[in-house]
Amino acid sequence: MLILSATGCQNRPEAEPTPKPLADFYQADWDKMDRIEIRNGATGELKTFKEKETLQKWINEARSIKITPDPNQEKRKGFRYSANLYEGDQLKFGFTDSQIGNVYILPSEQLHNQLKSLFES
């Protein structure tokens, strides 16, 4: 009996993080967003986008991108691009290409390319 209970207490490896769409990190109405600010982490340059058609196209593509939490959640600094999405003057959702809220994420070239494409447009 002792052997069985000791076996049950062994450390089990943690499950691999499951990718989920970016939309799962912000579960409100994305269609109400009327401004996006993108910052280049290398230069600090900030660009603002307000054109409704541009916003809707970008949002429709970005929210389906699969994001995987990084198993290593040790603190770190830096990002290549960040995005802040607004409804009116109220910030509704912000993230970088390395962190969403308090969750560090694995690099996603698709997310990076989506942010870079809007920034450079």
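This is a predicted model: local features need pLDDT of at least 70, side-chain atom pairs count only at pLDDT 80 or more; totals for chains, interfaces and linings use all residues.

Reply: Residues are numbered from 1 along each chain as its sequence is written, and side-chain values use heavy atoms, with hydrogens and water left out.

Me: In what order do the elements of the chain run from the N terminus?
Reply: Helices (H or I, at least four residues) and strands (E, at least two) are DSSP runs, numbered from the N terminus. The chain has three helices and eight strands. Their order is α-β-β-β-α-β-β-β-β-β-α.

Me: Does serine 82 count as buried or exposed?
Reply: Serine 82 belongs to strand β5, residues 81-87. Buried means under 20% relative accessible area, exposed over 50%, and partly exposed in between, with a 1.4 Å probe and protein chains only. Because its relative accessibility is 11%, serine 82 counts as buried.

Me: Which residues is serine 82 in contact with, leaving aside its neighbours within four places in sequence?
Reply: Contact means heavy atoms within 4.5 Å. With neighbours within four places in sequence set aside, the partners of serine 82 are Glu37, Ile38, Arg39, Phe95 and Thr96.

Me: Is lysine 75 buried or exposed?
Reply: Lysine 75 is placed in the loop between β4 (66-67) and β5. Its relative accessibility is 79%, and therefore lysine 75 counts as exposed.

Me: How are the rings of tyrosine 26 and phenylalanine 93 arranged?
Reply: Rings of Phe, Tyr and Trp (its six-membered ring) pair if their centres lie within 6.5 Å; planes under 30 degrees apart count as stacked, over 60 as edge-to-face and the rest as tilted. The structure holds five aromatic pairs. For tyrosine 26 and phenylalanine 93, the centres are 5.3 Å apart and the planes at 20°, so the pair is stacked.

Me: How far apart in sequence are the parts that this pair ties together?
Reply: Tyrosine 26 lies in the loop between β1 (20-21) and β2 (35-40), and phenylalanine 93 in strand β6 (residues 90-96), so the parts tied together are apart in sequence by 67 residues.

Me: Over the face of which residue does arginine 35 lie?
Reply: A charge sits over a ring if NZ of Lys or CZ of Arg is within 6 Å of the ring centre and within 35 degrees of the ring normal. At 3.7 Å from the ring centre, arginine 35 lies over the face of tyrosine 86.
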